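Welcome! Please take a look at the structure below, and then we can walk through a few of its features together.

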Amino acid sequence: MKFFIDSANLEEIQEADRLGVLDGVTTNPTLMAKTGKTFPEVAASICKFVKGPVSLEVISTECSQMVAEGEKLREFGSNVVVKIPMTTEGLKAIKILSGQGIPINTTLIFQPIQALLAAKAGATYVSPFVGRHDDIAQDGMLVVRDILQIYRHYDIQTQVLVASARHPIHILESAKMGAHVVTAPLKVIQQLARHPLTDLGLKAFLDDWQKMKK
Ligand code: E4P
């Protein structure tokens, strides 16, 4: 399973990279706005630092404008994945941009058939937002399970990118289901490495070492 960081903050991206687990980056307009910098400045610095795929999201909602914006976003780097929202206009834009060989991440997926449509239109990734489902007392991981089942039935190559992952259980479940990618904030990626028994075990080893005869 690939790990992407869900962040537009270069320091966070660099820290995730130092952990040796970073395969790519996802951003969205909210994450971009949080940086307090201009979009071109942030997009350029991320695309320069990251070798893997970087999802940059369009803010247009009409097909031809999304296509024009997607083509412009690709100028930031050959690793740019154009993030398009799951709408009927979005599907039209996915068809055109993917037809030009531009990789697409279809965002704001909340039910499995949306993911089937995005795949048929040519998306490279689909992003089901699991945490936002959980926020309204629905099980977001069920959507991921159903998308994977549908894709396996039809041997669809589009990758399931589990988004809006808010805690380690989302990531554990994604791996058990065989999701292709998970994107999560740095804090969640760091939580994955921690276990209280690891900390206790390490403390005991270090305390015992102090008792060694020098
Ligand atoms: C995914 O690509 C989105 O940027 C993100 O995962 C949304 O997460 P949130 O629901 O925690 O805002």
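## Two helices side by side

Helix 5 and helix 6 are roughly parallel to each other, a label for angles under 35 degrees. Their axes come within 8 Å and cross at roughly 30°. Here axes are lines fitted to C-alpha atoms over the stretch in contact, with angles running from 0 to 180 degrees between N-to-C directions. Helices are DSSP runs (H or I, at least four residues), numbered from the N terminus.

From helix 5, Leu91, Ile94, Lys95 and Ser98 meet Leu117, Ala118 and Ala121 of helix 6, where contact means heavy atoms within 4.5 Å. Of the residues in this contact, five are nonpolar, one is polar and one is charged.

## Around the ligand

Asp6, Thr26, Asn28, Lys83, Phe129, Arg132, Ala163, Ser164 and Arg166 surround the ligand, each with a heavy atom within 4 Å of it.

Asp6 has a polar side-chain atom 2.7 Å from an oxygen atom of the ligand. For Asn28, such an atom also lies 2.7 Å from a ligand oxygen, and for Arg166 the distance is 2.9 Å.

## About the model

This is a predicted model, in which local features need pLDDT of at least 70 and side-chain atom pairs count only at pLDDT 80 or more, while totals for chains, interfaces and linings use all residues. Residues are numbered from 1 along each chain as its sequence is written, and side-chain values use heavy atoms, leaving out hydrogens and water.

Terms used
Parallel < 35°, antiparallel > 145°, perpendicular 65-115°, else oblique. Nonpolar A, V, L, I, M, F, W, Y, C, P; charged D, E, K, R; others polar. Polar contact = N/O pair within 3.5 Å; in protein donor to acceptor, adjacent residues only side chain to side chain.
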